[in-house]
Each structure stands twice: as C-alpha cells, then as structure tokens.
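Student: I am new to this structure. Please show me how to read it, one feature at a time.

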Amino acid sequence: MGRRGFLGLGVLAGSSLLLAACGDDSGSVSSAGKEGGTLRWGWSTVTSWDPVTSSAGWDVHALSLAYAALTKLDEKGNPVPALAESWKYNADGTQVAFTLRDGLTFSDGTPLNATAVKKSLERGKSFPGSLVAAQLATVKSVAADDDARTVTIELAATDYQIPSLLAGKTGMIVSPTAFEKDAKGLATKPVGAGPFRLTEYVPNQSAKLVRFPEYWDKANIHLDAFELYPAPEAATAVPALQSGRLDVAQIPGSQVEAAKAAGLEVQVIPSLVTTVLDVNITVKPFDNPKVVQAFKHALDRKALADTQTFGLGVVNYQPFPPGYVGHDPSLDNAFPYDPAKAKKLLAEAGFPDGVEVPLTTTGVSSALAEQVQAQLAKVGVKLTIETIPAAQATQIMYIQHSRALATDGFAGRDSAVQAFQVLFGEQGLMNPGRQTPPELTAALQKVRETPLDDPSYPTVLRAATKIAVEKMPNIFLFTTPRVLARKKSVSELGSFLAVQRFEGVRVG
Amino acid sequence: MTRKTAGPLRRAVRLRSTKIALVILGAVAVLGFLGGTLAPSDPLAQDTSNLLAGPSGAHWLGTDYLGRDVLSRLMDATGRSVVGAVEAVTVAFLLGVPAGLGSVVFGRVFEWVAQRLVDAVMTLPYIIFAIAVTGIIGNGRDQAMLAIGVLLAPLFFRVTRAAALAFTRAQYVEVAELLGASRGWIIRTHIWSKVLPTVAVTTAQLSAAALLAVSSLSFLGIGVKPPAPTWGGMLSSDLGFLAQQPWAPAIPALAIMLTAGSLNAIADAIRDTTGIAVDPIGRGATRPDAVPALPGAPAVAVPEQEERIHA
C-alpha cells in the first residue's frame, strides 16, 4: 500500500512538473512571438466556397480565411479598412468611393485592382443564383479607376451601410480570372486575396489552407497553415483537443467544465448568434397574428436559455444582443412568459381547444425542439417534431420555405440592415412568409440614410428593431456566446462579435 | 409446430442459457406492451430544475438533459425499439421464406430470377440503404424497417432454400410427386415442418440483428419522432453529456445488449438441439451430402450478416 502511495506521489510530481513545463512553454511562445505552425480549427465546413452562392451565415467565418473584403469589422462591430484603405461618401450619401491599397493581388496572381473589385461586386449583383444580390439592391452602378485605385459605387438611394455590408460575404472580392473561367468551380476552389489560400478541400470533412504571402495584412498573420474541420461532437470535443487532433474548437455549453478540467483554455466570446423560431405567416395557423403573439408569450425563454446553453445564453427578444448598437433595451421584456395570456390569445384566434402545428428541426440534437414542445403543450399547442437531415435543411428551409415553424439560429451579419434583410426582408432566408410590413421598410430606409457616426444612428436603428420585433413573426429566444476551447499552446483569440478572425494568433 | 420438432425445442428450453434468455425476453415483452403504463413517472415530463441528475430515490436511473426520468424513458422505449425489430423481421420472413421454398419447387426460371434478385439485394449495405430509403419516402420507423426487412430477406431466402433443397430430393417426396400430389401439398406436408427449426433459428438471430439495426438507425436519428424515447436515441443523446453523466449511455446500451444477446442465446440453443436431432433423411436422400448443410446454414449466414450490420 505504502509503495503504491509512493508511486502515486511520483506520478503526481511528474505530471505537475510536466504541467509547469507546458505553462512555461506557452508563456515563452507568446512573448517570443513565434512565427509559423499550423492551426487546426474545429468549427464548420462551408455550404460553398463562393461568397456569392454560400447559403449559410456561418460560412462567413471560413470564407474569411480565403477571401479578403473591402472592409472588415473591428471588435466592436464598426467597419475599418481592409482591402480598401479608405472610403468617402458624397454629401447626400448616394455615392461612396473606396480607395484600394497599392499592389494587391489575388492568390492566383491576378492583380487586385479597381476593375477586379468592380467585376466582383457586379457579379454579386448579377450572377444567377446569387444570394447576396438582395443586399446589393441599392447599388446602381460601380465605376473603377485603376490609376487612382478608386472604386466608386453609385447608389439608387442614400445608404450609409455599404462599408459595413462590404465587410462580409457581400464585400469579399473574388478573382475575376477565376469566375470568368469557371464560375461554378469557385464553390470548391476559392480564389481570393485572404490571409490563406485553399490547397485541399474534402466537402463536409476538411479544408487545408496555406498562408498567402501577398495578403495585405500579412504582418499580423503568424500561422503558416490553417486546417478547418467540422465542429466536433459534444462527446468528442474535449478529447479532440486533448489528443491534439484540433487546436481550437467550438464547444457546446455542456463541455465547458470538462474542457477546463482537461486543462484547456476556454474563451467565451460575445457573439451575435441568436436562437430563433422561423415562422411562416402564410401557413395556417400562423396566418392569424394572434397565434404568433400567443406563441411569443407561451415560451419560457429563461428556462430554454438555461437548459440549452448550460446558463451561458442570455434571454433575448430581438436579433441583437445587449450591448450591440441595434439592441433596444425597451424590448428586454417584450413578450413576458405568460401562459394564461397565450391561452387567451389562442382562444381569441379561434383555437380554444388548442392547435396542432408541426415543428421542423435539424441537426443531431432535438433538445431545443423537445423543450419548446413541452412548453407549448402547457397552453394547448400540440407540436409534432419533424427532424430533417442537416444536408437538406438549407434546401427545405431557406430555398423552398415550405415549413410552418422551424428551430433556427441566426449567425448575425456585418451590417445591421443586412441582418434585417436576412431575418425580415422579402427575400430573407429566415422570413419564410416573404412579407415585410411597409413601416419596417420605411424604418430601414431611415437607418440606411443615417451615417454610422451620426449621433442619431443608435436611436434610428433601435426604432427599426422595435418595429421588427413587434410586427414580424420571428420568435427570438436567446443569444449564445461563441465558446472556443483551445490548447494552451495557442495564443488568445480575438474577441470578434461577427467574424472570428485569426489576426495575431500564434501556435506554439 | 409438429411433434417431430417439439422434442428438440423442448430440450432447448431446458438449457439454462435459454431459461435466462426467456426470462429476459419475457420481461422485454411485458415492458414492450406495458412499459409506458408501468413506468414510475411520465417519460415525457420535463423538469428543467433537475437536469442530468444522478440516481436518486425519485429517479432510480437519474434524469436526462431535459430532466426526464431515465428509468421511465427506458421502459417506455422498449415497445418502440422492439416493434421496429419485429417489423423488419416480419417483412424479411414474408419476403424470404416463401421465395426460398418456391425457388426449390417452382422450376428453373423462378429459381434463377429469385437467386439473381437475392444476389443483387445482398450487395447493399443495411444502414446506408435504410437512410437512403427514409430520405426518399420519409423519415419514419415503418419506412426504415421496411428497408431493413428487404435487406434481411435474402438471409431467410438462402437459409430456407438450403434447408428445403435437402428434402426435395428425398425419396418420399419423389414418391408423392409420382402419385400426383400438388407442389403446395408437398411443401405443406413434407418440407415445411422440417425446414421450420432452421427458420426458427434464423428468425431469432435476425431479430437480434434487426434490433441492432433499429438501434443504430435511431442512434442516427432515423425513424425516431422526438420526444418519444427509443434505446438507440437515448444512447445517442446521452453521448452529448458524457462530461456530466459518463455512465448514462451504459443504461440503454445494456438494454439493447441483453435483448439481442437473449435472442442469440435462444437461436444457439435451438440450433444445437435440433442440429443433433434432425430426422436422419440421409437414408432415403439421393444427395446425402446435403445433410450437413442443414444445421450449418444459419451459422454460415449469420456472421456475414453481423459484419454488415456493423459496417
């Protein structure tokens, strides 16, 4: 017994020495500023590597590895220079001129000049099947001056959102050589001017990228290579990081304690990701606004957030999280949990004995759907859960709009107006009813017409949020931060609200 | 069941392994019919203030990710999990056994067509085929089990055919044919009763295989309508919370294991006992070499089948 105890002590001492060594090591790495290495990120693969046809909001994170956009968002969500070193609006906000950095090239060697930017933006507007065309609706024409390195965008109406909008997929510049030759091929072979260049891609499995040495901000890219994998399953997330298969991974709330216990660094990064129920108001019984209203009051969002996110999520009645400029604090209790009121509303809508509704859900876990089902059962709503394979979800939910009610997640967008378009616009992926009330359109117009640095901008944007939350059927539930676990050898990640980028990140 | 096979079957029942297996299957059958009623609490009742709790007086096996009682869910899941297996085996039986007998007696054309069809079906992988079928005709248990049943049918076909072949050349069958007996009469009177033990072994073994297939599919979310619990579904969702309840997946896994294991034990017992006691047809058979194929056939067929289930 004594001997075993002694051995145990030895093991303990050994492991603590090992831990200490690791600690020293990671400390010296970040201070010494080691260059190179490969970072393996367990996050998500893409629906398409072509920013114009990519159909999921999540894709923007992966796409921003291969593409650079005209602008990018800083940690607070404001647009700052990227491919464009500056921009200037005319007096009435109907024209914006971007000045490009000097000497830019795409990863295929094509010069990234004003003409290339013009062609790329025009493709976003005109390519058949483009999913960014709606966001470029206000763009009337694009003019390029290669000598002055300026791209001038003429707008059909005042729109101060363009620099924000162009930080995301919409503003990712694609090599004209690539899309003029093989536009469809871009879905698997991206050609941009991002920090990395894709070398190998197996759909739904992995993407391997190497550093693109001509990237405009190469000084802040310390990694030689980047590998992208789908987010690991909950059960394997922590082991995948421990074994070294991944360096950084998105983990669910249920794994935070396990990750910390395993000696991993866990970073909880505020994000725009909001869990929401998509509602189709052209399908019975949601054609009656009182039913939608009843659903909004029948859900106990606090219980949902606590259970589904292990306490990390925050109850939210709107598409923007607290602290974000578009978040209207007056909506913080917009639809309080009130089963009695919900029942009354259902009775007024003509369903005193309850109503049957299918709820569509996707992915591995149906936990959210099951909890929503149980909560709605208390007010007499009988939900039947339909599980559709993740591979078909985009087609069924975002393209056919054939489902009455579906669990969904909103990834957030670079520009607030773009977020509105996705959630509430007549072409919006998450507006299956395809209707937008005129007062919301008017309020959005006002947002576009207000410069981002104008003191009235927050007020104007919040007014639009309020109208959307009150008039639109989308049922917002809670906002969940991005939880990234990383090995100690990886330096701290940037805290980006929208796109998770890897500037300044080192791996030891 | 005729008197001839009752003997060996009774001997099979006397084996201790069979007795244990029968007790387990009896319990599964009772739970299958009454599981939801006998459950100590509502298997769907959520209690979000008591998530992922360990075993306690109120919840003997703890609670799941929505605070539901695991024991009640396990009991309620029994019927759903077992019925799926029964469906698949029934489909396989109805397709495979008559065709297997028919291929022996209905002439060369039928035999050739049936054999080629079976060859073709046997090349398909179970789980992937079932997923594809549910993708096309809807994600339901019946659809998934229909697919599994179709793929299990060749095993019934082959086993029945192998068993029946040995008897169709028996002298008394040939005599009956010469006396003008119809094929149907010959099958009913002379062949079926002798093929039956073999088919019984196959049925038990394929039931176990089908249960594993059902569980694998529900693990993948095929053929499950949440929140209704299934063993495979519980196993799958428990894996998401290993950090909180590392022991939880063992519970549904044990239920699957015990049921499948009992079915296999019974199959083994029937095979062992009937294998020895099979009517020595060799005396009158024109092909005595066919005799050993009788007890051996399922033993050959099943390992192949199991490999495919795990593919």
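A loop residue and its surroundings

Tutor: Start with A:Phe310, which sits in the loop between α9 and β14 of chain A. Helices (H or I, at least four residues) and strands (E, at least two) are DSSP runs, numbered from the N terminus. This is a predicted model, in which local features need pLDDT of at least 70, side-chain atom pairs count only at pLDDT 80 or more, and totals for chains, interfaces and linings use all residues. Residues are numbered from 1 along each chain as its sequence is written, chains are lettered from A and ligands numbered from 1 in the order in which they are written, and side-chain values use heavy atoms, with hydrogens and water left out.

Student: What is the phi of A:Phe310?

Tutor: Phi of A:Phe310 is near 55 degrees, which is a positive value in a residue other than glycine. The residue comes just after α9(A).

Student: Is A:Phe310 buried or exposed, or in between?

Tutor: Buried means under 20% relative accessible area, exposed over 50%, and partly exposed in between (1.4 Å probe, protein chains only). With a relative accessible area of 32%, A:Phe310 is partly exposed.

Student: Which residues of helix α9 of chain A are buried?

Tutor: A general idea comes before the list. An α-helix has 3.6 residues a turn, so residues three or four places apart point the same way. In α9 of chain A (residues 301-309), the buried residues are A:Arg301, A:Ala303, A:Leu304, A:Ala305, A:Thr307 and A:Thr309.

Student: What do the buried residues of α9(A) pack against?

Tutor: Contact means heavy atoms within 4.5 Å. The buried residues of α9(A) pack against α8 (289-298), β14 (314-315), α11 (367-377) and β18 (475-479) of chain A.

Student: Where is A:Arg434, and what is its phi?

Tutor: A:Arg434 belongs to the loop between α13 (416-424) and α14 (438-449) of chain A. Its phi is positive, about 60 degrees, although A:Arg434 is not a glycine. At 28% relative accessibility, A:Arg434 is partly exposed.

Student: How should I read a residue in a strand, such as A:Thr152?

Tutor: Look at its element, its cover and its contacts. A:Thr152 is in strand β7 (residues 150-155) of chain A. Its relative accessibility is 17%, so A:Thr152 counts as buried. Leaving aside neighbours within four places in sequence, its contacts are A:Gln95, A:Val96, A:Ala97, A:Ser141, A:Val142 and A:Ala143.

Student: Which peptide bonds are cis?

Tutor: Here are two cases. The bond from A:Lys284 to A:Pro285 is cis, with omega near 0 degrees, and A:Pro285 lies in the loop between β13 (274-279) and α8 of chain A. In chain B, the bond from B:Pro226 to B:Pro227 is cis, with omega near 10 degrees. B:Pro227 is in the loop between α8 (183-219) and α9 (231-239) of chain B.

Student: How many helices and strands does chain A have, and how compact is the chain?

Tutor: Chain A has 15 helices and 19 strands. The radius of gyration is taken over C-alpha atoms, and the globule rule is 2.2 Å times the number of residues to the power 0.38. For chain A the radius is 24 Å, close to the 23 Å that the rule gives for 508 residues, so chain A is as compact as a globular protein of that length. Buried residues make up 55% of those 508 residues.

Student: What does the domain assignment give for chain A?

Tutor: Domain bounds come from an automatic or database domain assignment. Chain A has domain 1 (45-228) and domain 2 (271-481). The contact takes 19 residues from domain 1 of chain A and 22 residues from domain 2 of chain A. Their C-alpha centres lie 30 Å apart.

Student: What does the secondary structure of chain B come to?

Tutor: Chain B has 11 helices and zero strands. Of its 311 residues, 47% are buried. Among contacts in chain B between residues at least 6 apart in sequence, 75% join residues at least 24 apart.

Student: Where is B:Thr63, and is it buried or exposed?

Tutor: B:Thr63 is in the loop between α2 (16-38) and α3 (70-105) of chain B. B:Thr63 is buried, with a relative accessible area of 0%. Beyond its neighbours within four places in sequence, B:Thr63 is in contact with residues including B:Asn50, B:Leu51 and B:Gln245.
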